[in-house]
Amino acid sequence: MDKPKVFIDGREGTTGLQLWERLSRRTDLELLRIGEARRKDPAERKKLLNTADLVFLCLPDAAAREAVDMIESEKTRVIDASTAHRTAEGWVYGFPELNPGQRERIRTANRVANPGCHATGFITAVYPLAASGILSRDYPLTVFSLTGYSGGGKKMIAEYEASEKPPLYDTPRIYGLNLRHKHLPEMQKICRLQYPPVFIPVVDDYYKGMAVTVMLQNRLLNGKQSAEEIHQALTLHYAGRKLVKVHPFGYDKMIAAGTMAGKDSLELIVNGHSDQTIITALFDNLGKGASGAAVQNMNLMLGFEETQGLNL
């Protein structure tokens, strides 16, 4: 049987480089590559887009849409790592653990939108509560997300790793102050919320790893559940999942945002009491938050074992 042909469009970016590094070690795939001399040749790019069995788009939004328009082959399947298609009709959201049918939807899809990193943490915590009716669709959600600087791409990586950088880069920095972060539309749509959450991301001086924390006032929940009851609901939802685990209830130590760096799995930690709850999603922004999730989706789409090539 021929090996599936895979093409990474946008291999020079952070996610593209991560995917190339991961997939180049595998012997069950054939990676297609544009030679350096033809890297900016539209005809060669279009040829590879239509030759591949599966294409990863690691591009800015406009370029990702352009790439999709260039695909004429019915056999070419696409995983888009950009924001362009995460809420688009006809695209399957690439989070296999979302609900019992999502894995099969991804397995049979031609077009899959890879989730955003901040959105991954938020949706992992919120979707089960909204889908079960614990959380009302109009609940006033608040979330903050602490991330390593690699999430900002090549430019931010260069700024943080420069021999001389501004002194305040040594401290956590809050951004997205207009409250219109590009991950908000998928957070709202996938969780079927009436309103987007109030969301603040924070970047700090470490390379990778994320801690996304959702805060709840239990009196506003439909059943006024305690933190322990919310923990039980999340544990039930993710039971048997290979890449999402719920930490035992009662953890009372500090939570380090870099805990899951280098891994492709995600852990949920639930804390609180009868009146208030926090849910923290711990994962690697380059792993389950980007290239690791993309490889997981590819494995499903091409018929490989779901965790093939992933670091659990």
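Author: Gladly! This is a predicted model.

Reader: Which residue of β9 is the bridge partner of serine 145?

Author: Proline 201 is the partner of serine 145 in β9. In general, strands of a sheet pair through backbone hydrogen bonds, in a parallel or an antiparallel sense. Here, strand β7 (residues 142-148) runs parallel to β9, with seven bridges joining them. With strand β10 (residues 210-217), β7 pairs in the antiparallel sense, over six bridges.

Reader: What is the strand order of the open sheet?

Author: The order is β8-β9-β7-β10-β13-β12-β11, seven strands with mixed pairing. β8 (173-174) and β11 (244-246) each have a single partner strand and stand at the edges, so one side of each lacks a neighbour in the sheet.

Reader: How many bridges pair β8 with strand β9?

Author: Two bridges, in the antiparallel sense, with β9 covering residues 198-204. In β9, valine 202 stands opposite isoleucine 174.

Reader: Now a helix, please. Which residues of α2 are buried?

Author: In helix α2 (residues 42-51), the buried residues are Glu44, Arg45, Leu48, Leu49 and Asn50. They pack against β1 (5-9), β2 (30-32), β3 (54-57) and α3 (61-70).

Reader: And which residue caps the N-terminal end of α2?

Author: Aspartate 41 does: one of its side-chain oxygens lies 3.0 Å from the backbone nitrogen of alanine 43.

Key:
Residues are numbered from 1 along each chain as its sequence is written. This is a predicted model: local features need pLDDT of at least 70, side-chain atom pairs count only at pLDDT 80 or more; totals for chains, interfaces and linings use all residues. Side-chain values use heavy atoms; hydrogens and water are left out. Two strands pair if DSSP finds at least two bridges between them. Helices (H or I, at least four residues) and strands (E, at least two) are DSSP runs, numbered from the N terminus. Buried means under 20% relative accessible area, exposed over 50%, partly exposed in between (1.4 Å probe, protein chains only). Contact means heavy atoms within 4.5 Å. A polar contact is a pair of N or O atoms within 3.5 Å; within protein, one must be able to donate a hydrogen and the other to accept it, and residues adjacent in sequence count only if both atoms are side-chain atoms.
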